[in-house]
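Subject: Handover of a structure

Dear colleague,

Please find below the structure that I am handing over to you.

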Amino acid sequence: MPRPSTPRLSPDLIRAAALRIIDAEGLAALSMRRLAEALGVRAASLYNHVRTKEALLDDVANAIVAGVEPPDPDTDDWRAAVLGWARSYRAALAAHPHIVPFLAGEPLEREASLRLADAVHGVLVGAGWPPRQATMIGAAVRYLVLGAALGSFAGGFVDDADVYAERFPNLGQAHRLRAHADEIDRDSFELALGALVDGLAARHPTRGA
C-alpha cells in the first residue's frame with residue numbers, strides 16, 4: 001500500500017492529545033500507554049516522536065508558555081508591560097490548571113520561558129531598574145501568577161452556611177464565596193498585582209528624577 005501523504009502522528013497531534021488528557025483527568029493520568037490509546041496507536045509508535053514522558057511534558061509546557069503575550073520591547077511604560085504580561089500569563093495557566101504544578105518547577109532551558117524572561121527583563125532594565133532588581137521583579141510576578149493559577153481560593157469554600165456558623169464566626173458569609181469564585185479569584189489577583197506594581201513604582205530608581 002502507498003504511504004499516506006500525511007503522517008498519522010506529529011508533534012502537534014501528540015502534544016494536543018496529551019494536553020486533552022491532562023486537562024480532563026489530571027497530570028497523573030498521563031502515561032505513554034494512555035496517550036497511545038487516545039491516539040489509536042501502539043505505545044512503541046510514540047517513542048519515534050517523543051523520547052520520554054518528561055520530554056513530552058516539557059513540550060506541552062513550552063507550548064503553553066509560548067502562548068503568553070510578551071511585553072513590547074519598545075514600550076516606555078514598564079508598569080503597563082508588567083501588568084499585561086502577568087494577566088496574559090495567568091490566563092494561559094488558568095486554561096490548563098492541572099499542569100501548573102509541573103510548570104512551577106519549570107527548568108529555564110525551555111525556549112518559550114527563556115524568550116519570555118528575556119523580554120520582561122529587557123523592558124525592566126530599559127526602564128531604569130538595575131538588573132538584579134529586574135530579575136527579582138520577574139520572579140515576584142511569577143510567584144504571584146503561579147499561586148493564582150494553582151487553584152481557586154473562593155471555590156474551596158462549601159456553600160453550606162451551617163459549616164461556619166458556630167466554629168468560624170468571622171466567616172459568616174463564606175458560604176457565598178463559591179458561587180462567585182471566578183469573580184473573586186480574578187479580583188483578588190488584580191488586587192495583589194496592583195499592590196505589587198504600585199509598591200514597585202514607589203521604589204523605582206528614577207522616581208523623582
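In this message, contact means heavy atoms within 4.5 Å. With its neighbours within four places in sequence left aside, Trp78 is in contact with Val123, Leu124, Ala127, Trp129, Val197, Leu200, Ala201 and His204.

Two remarks on the basis of the values are needed. The model is predicted, with local features requiring pLDDT of at least 70 and side-chain atom pairs counting only at pLDDT 80 or more, whereas totals for chains, interfaces and linings use all residues. Residues are numbered from 1 along each chain as its sequence is written, and side-chain values use heavy atoms, with hydrogens and water left out.

Overall architecture

The protein has ten helices and zero strands; here helices (H or I, at least four residues) and strands (E, at least two) are DSSP runs, numbered from the N terminus. The pattern along the sequence is α-α-α-α-α-α-α-α-α-α. The radius of gyration, which is taken over C-alpha atoms, is 21 Å, well over the 17 Å given by the globule rule for 209 residues, so the protein is more spread out than a compact globule. That rule is 2.2 Å times the number of residues to the power 0.38. Along the principal axes, the C-alpha atoms fill a box of roughly 75 × 55 × 25 Å.

Of the 209 residues, 35% are buried; buried means under 20% relative accessible area, exposed over 50%, and partly exposed in between, with a 1.4 Å probe and protein chains only. Among the contacts with a separation of 6 or more, 68% are made by residues 24 or more positions apart. The accessible surface comes to about 12700 Å², and 54% of it belongs to carbon and sulfur atoms; the areas come from the Shrake-Rupley method with a 1.4 Å probe.

Domains

The domain assignment, automatic or from a database, gives domain 1 (11-60) and domain 2 (69-203). Their centres, taken over C-alpha atoms, are separated by 28 Å. At the level of residues, nine from domain 1 are in contact with seven from domain 2.

Individual residues

Val197 belongs to helix H10 (residues 181-202). This residue is buried, at a relative accessible area of 1%. Residues up to four places away in sequence not being counted, Val197 touches Trp78, Arg79, Val82 and Leu83. Between the C-alpha atoms of Val197 and Ala86 there are 11 Å, although the two residues are 111 apart along the chain.

Leu19 is part of helix H1 (residues 11-25) and is buried, its relative accessible area being 16%. Beyond its neighbours within four places in sequence, Leu19 is in contact with Val60, Ile64 and His96. Of these, Ile64 is 45 residues from Leu19 along the chain, with 9.7 Å between their C-alpha atoms.

Is Ala179 buried or exposed? Ala179 is exposed, with a relative accessible area of 69%. Its place is in the loop between helix H9 (162-165) and H10. Ala179 and Gly156 are 23 residues apart in sequence, and their C-alpha atoms lie 11 Å apart in space.

Yours sincerely
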